[in-house]
Amino acid sequence: MKLTRRQMTGGIAALAVTASALPARTETAMENLPFAATTPVSIGRVGLMARDGSRVADYYKSVLGLTELRRAGNVVVLGAGDRELLEIEEWSALRQDDPRSAGLFHTAFLLPTRKDLARWTRHAIDTRIPVDGASDHLVSEAIYLTDPEGNGIEIYADRPRENWIFDGPSVRMATDALDVANLIGELSSDEPEWKAAPDKTVVGHVHLRVGDATTAEQWWREEQGFDTMQSLGGQAVFLSSGGYHHHIGANSWRSRGAGPREMDRTGLGFVELLSKDATAETASRDPWGNEIRVLPAG
C-alpha cells in the first residue's frame, strides 16, 4: 500500500529468521469466488518475462503452492485448481528489470479466507520462507515476498466487505503492523497443513510502478472505466471496478518521471483483465507501455 516493501512493518519479520504454442486455455466459472473476482471487471492473469523461467516457476510452485497447468516451448502457465493466474515466458537474453523504471511493483494473490492466509503463514514460519514484510491494510491483511528475478509478490486475505470503512467514495486503507499472533490464532491444533494454493485463489490486484500516479489514474479511469478508491498525494493511486478496494495500484515511489518501459527487460509481460461487458479480446498499452489485455469474463 503506502510504503515500499522495504519500509513495510509487521511481526512477520520473525518469519525471515532466519503465448505462443500453448494449448487453448480453459475458462473457469466465477462461482463462489472472492468478491474481487465477481466485479464487472477483475484481474485474470499476470504475465512475467523471465531470464530463467523454470527457476521462477519453481519458486511460485514451492513457495505459493501454485500448480503447473500448461507448458509449451518457453512458456509455462501456473494456477490454483484449474484457474490460470500466472504466465511465465522465458527469454535468456533479457536484461534485468530496473526497479526505478515503469513496470510491476507486485502481483497480489488473494486467498479465499483468512484461515488460508493463517495456514500459509504457519507454513512460512515452519519452512523459514524469507519475506519482505507484512501489513494490516484495514481492508485486508498481507505478506510480501520477492521472487528470484525481483518481481514483487503479495499474498493476502480480505476482511469482510461489510467491515470496510468508506469516506464518501474513498475506502479507508492504511499500512499498519500485521498482528501475526492473532492471524495464527485462526488455526486449531488439528488444522491441516498448507499443501497448495486453494482452488479459489485469484489474482486480487496488480500494483504497478509508473512515472506519474496522476497520469496513471486518468488512464485507468478513461480507458478502463475504473473508479478511484484512494489517492495518496500524487504519489500513488488505487482504482477498482464494482466497489472493490483496488484491482489496480499505481505508484511513483521509486519511479517518478520514468518514461516508457524498455521491452527487453525481465518483469511485467502483461496484465489481463476479465470484463463482463467485453465480447472479444482487446489489448492496449498504458502511458508507460505496460500491456493491458481485456478478455470476456467466463
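**Entry 1**

I looked up I165 and found a relative accessible area of 42%, so I165 is partly exposed; buried means under 20% relative accessible area, exposed over 50%, and partly exposed in between, with a 1.4 Å probe and protein chains only. The model is a predicted one, in which local features need pLDDT of at least 70, side-chain atom pairs count only at pLDDT 80 or more, and totals for chains, interfaces and linings use all residues. Residues are numbered from 1 along each chain as its sequence is written, and side-chain values use heavy atoms, with hydrogens and water left out.

I located I165 in the loop between strand 8 and strand 9 (166-167). Helices (H or I, at least four residues) and strands (E, at least two) are DSSP runs, numbered from the N terminus. Leaving out residues up to four places away in sequence, I listed S170, V171 and R172 as the residues that I165 touches; contact means heavy atoms within 4.5 Å.

I then compared I165 with L138: they are 27 residues apart in sequence, and their C-alpha atoms are 8.5 Å apart in space. L138 belongs to the loop between strand 6 and strand 7. L138 counts as partly exposed because its relative accessibility is 33%. I noted a positive phi near 75 degrees for L138, which is not a glycine. Most residues other than glycine have a negative phi.

I traced helix 2 over residues 114-127. Its 14 residues reach 20 Å from the first C-alpha to the last, close to the 20 Å expected at 1.5 Å a residue; the expected span is 1.5 Å times one less than the number of residues.

Which residues of helix 2 are buried? I recorded R114, D116, L117, A118, R119, W120, T121, H123 and A124. These buried residues pack against helix 1 (53-63), strand 7 (140-146), strand 8 (152-158) and helix 3 (180-184).

Is I248 buried or exposed? I248 counts as buried because its relative accessibility is 0%. I found I248 in strand 15. Apart from neighbours within four places in sequence, I248 is in contact with I43, H205, V206, W220, F226, V237, F238 and L239. I248 and S42 are 206 residues apart in sequence, yet their C-alpha atoms are 9.5 Å apart in space.

I found E262 in the loop between strand 15 (248-251) and strand 16 (267-275). E262 counts as partly exposed because its relative accessibility is 40%.

**Entry 1: a cavity**

Rolling a probe the size of a water molecule over the atoms shows where empty space is left. I looked up the second largest cavity, which has a volume of about 40 Å³. On a 1 Å grid over the protein atoms alone, a cavity is a set of points where a 1.4 Å probe fits but cannot get out, and lining residues have an atom within 4 Å of a point.

I listed L64, L66, F109, L111, I155, W194, A197 and T201 as the lining of this cavity. Seven of the lining residues are nonpolar, one is polar and none is charged.

**Entry 2: the whole chain**

I counted four helices and 18 strands in the chain. Of its 298 residues, 56% count as buried.

Definitions and conventions: On a 1 Å grid over the protein atoms alone, a cavity is a set of points where a 1.4 Å probe fits but cannot get out, and a pocket is an open set with protein on both sides within 12 Å along at least five of seven lines; lining residues have an atom within 4 Å of a point. Grid points are joined across faces, edges and corners, and a volume is the space filled by probe spheres set on the points. Ala, Val, Leu, Ile, Met, Phe, Trp, Tyr, Cys and Pro count as nonpolar, Asp, Glu, Lys and Arg as charged, and the others, Gly among them, as polar.
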